[in-house]
Amino acid sequence: KNLNLHQKLMSAPSSPKHKLSATLSNKWEVDYAAKIRSGAVYDIETETPFAELTGEFLKDVKLNSSECVLIIPDEKKSADELEDGFKHQCRVYRLPLLKPTTGHRTIDIRPLLSKSGVSTYDPGFVSTASCHSTITFIDGPKGILLHRGYKIEDLCDNSDFEELSFLLLYGELPNSADKLYHVSQIKSHTLVHEKMITFYKGFRYNAHPMAIMCSVV
């Protein structure tokens, strides 16, 4: 049961065969960080590309469930002119339609301004998904907060900090061996350098705690 918390085990945290052995690796810190980064999704790739539709396609528009169409009339044309020559007076764009695991379907408009010359108006981002996440889902009006698919109420009632942090990093709750190793990793990095005290002494006694934390970090 004795374990030097400053040493690193070779096995990955998600390995089902954890053993507190004397087999050590100096590369563990790199592997630990690499495993976290490997599960990250930095951008969303769509099956349907953003494209302007012209020619024969406009005669028989067919769409699948992963795309939608945006029609932009020529601002210099009158209503009558547009009605007489629809396909010649309008620009038509095919936009990817994203289907998340949770929440509303979303129109991907990232290239919209650069390729069409028009933008969207949405004060307060009421109808805009400003980011994507593989960790958290939030629905404020309905009071929903999920971490990796688990309700926050269930996590608060049945899990502790170590289990929750493991869940956020690796996408699943730890077994007993995973948790034991994860706790050892946390404990080995909790020591704060003595010079940090000097930073805190430089603030006035009545400085705001949040301002102090931001400045020190």
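**Entry 1: terms and ground rules**

Two strands pair if DSSP finds at least two bridges between them. Strands (E, at least two residues) and helices (H or I, at least four) are DSSP runs, numbered from the N terminus. I am working on a predicted model, where local features need pLDDT of at least 70, side-chain atom pairs count only at pLDDT 80 or more, and totals for chains, interfaces and linings use all residues. Residues are numbered from 1 along each chain as its sequence is written, and side-chain values use heavy atoms, with hydrogens and water left out.

**Entry 2: the chain as a whole**

I looked up the element count and found 9 helices and 7 strands in the protein chain. Next I checked burial, where buried means under 20% relative accessible area, exposed over 50%, and partly exposed in between (1.4 Å probe, protein chains only). Of the 217 residues, 23% count as buried.

I then took the accessible area, computed by the Shrake-Rupley method with a 1.4 Å probe; for residues, only the protein chains shown count as cover. The protein chain exposes about 16,400 Å². Carbon and sulfur atoms supply 56% of that area.

For contacts I used heavy atoms within 4.5 Å. Among contacts with a separation of 6 or more, 43% come from residues 24 or more positions apart.

How many of the 9 residues of β3 are buried? I count 7, so β3 is largely enclosed by the rest of the structure.

I went through its pairings one by one. Strand β1 (residues 51-53) runs antiparallel to β3, joined by 3 bridges. Glu52 stands opposite Tyr93 there. β2 is also antiparallel to β3, with 7 bridges. In that pairing Leu70 stands opposite Tyr93 of β3. Strand β4 (residues 106-107) joins β3 through 2 bridges, again antiparallel. Here Leu97 faces Ile107 in β4.

**Entry 3: the core**

I searched for nonpolar cores, meaning sets of buried Ala, Val, Leu, Ile, Met, Phe, Trp, Tyr and Cys residues joined through side-chain atoms within 4.5 Å. The largest has 6 residues: Phe50, Cys68, Ile72, Tyr93, Leu95 and Leu112. β2 and β3 are the elements that give two or more residues to this core. In soluble globular proteins, nonpolar side chains tend to be buried together.

I followed Leu95 further. Leaving out residues up to four places away in sequence, Leu95 touches Phe50, Ser66, Glu67, Cys68, Leu70, Ile107, Asp108 and Ile109.

**Entry 4: salt bridges**

My cut-off here is a side-chain nitrogen of Lys or Arg within 4 Å of a carboxyl oxygen of Asp or Glu. The whole structure gives 4 salt bridges. I wrote up these.

Arg94 with Glu67: the closest N and O atoms are 3.6 Å apart. Arg94 is in strand β3 (residues 90-98) and Glu67 in strand β2 (residues 67-73), so the pair ties together parts 27 residues apart in sequence. Are these two residues buried or exposed? Both Arg94 and Glu67 are buried.

Asp160 with Lys179: I read 2.6 Å, N to O. Asp160 sits in the loop between α5 (152-158) and α6 (161-170), and Lys179 in helix α7 (residues 176-187), 19 residues apart. Asp160 is partly exposed at 30% relative accessible area. Lys179 is partly exposed too, at 24%.

Glu163 with Lys179: the N to O distance is 3.5 Å. Glu163 lies in helix α6 and Lys179 in helix α7, so this pair ties together parts 16 residues apart in sequence. Glu163 counts as buried at 18%. Through shared partners, Asp160, Glu163 and Lys179 form one network.

**Entry 5: the three-strand sheet**

I looked at an open sheet of 3 strands, in the order β5-β6-β7, with antiparallel pairing. Its edge strands are β5 (136-139) and β7 (150-151), each pairing on one side only. Strand β6 (residues 144-147) and β7 pair over 2 bridges. Which residue of β7 is the bridge partner of His147? I found Tyr150.

**Entry 6: a surface patch**

Patches are made of residues with over 30% relative accessible area and no salt bridge, like charges being joined within 9 Å and nonpolar side chains (Val, Leu, Ile, Met, Phe, Trp, Tyr) within 5 Å. I noted a nonpolar one of about 230 Å², made by Leu63, Val69 and Ile71. Ile71 belongs to strand β2. At 43% relative accessibility, Ile71 is partly exposed.
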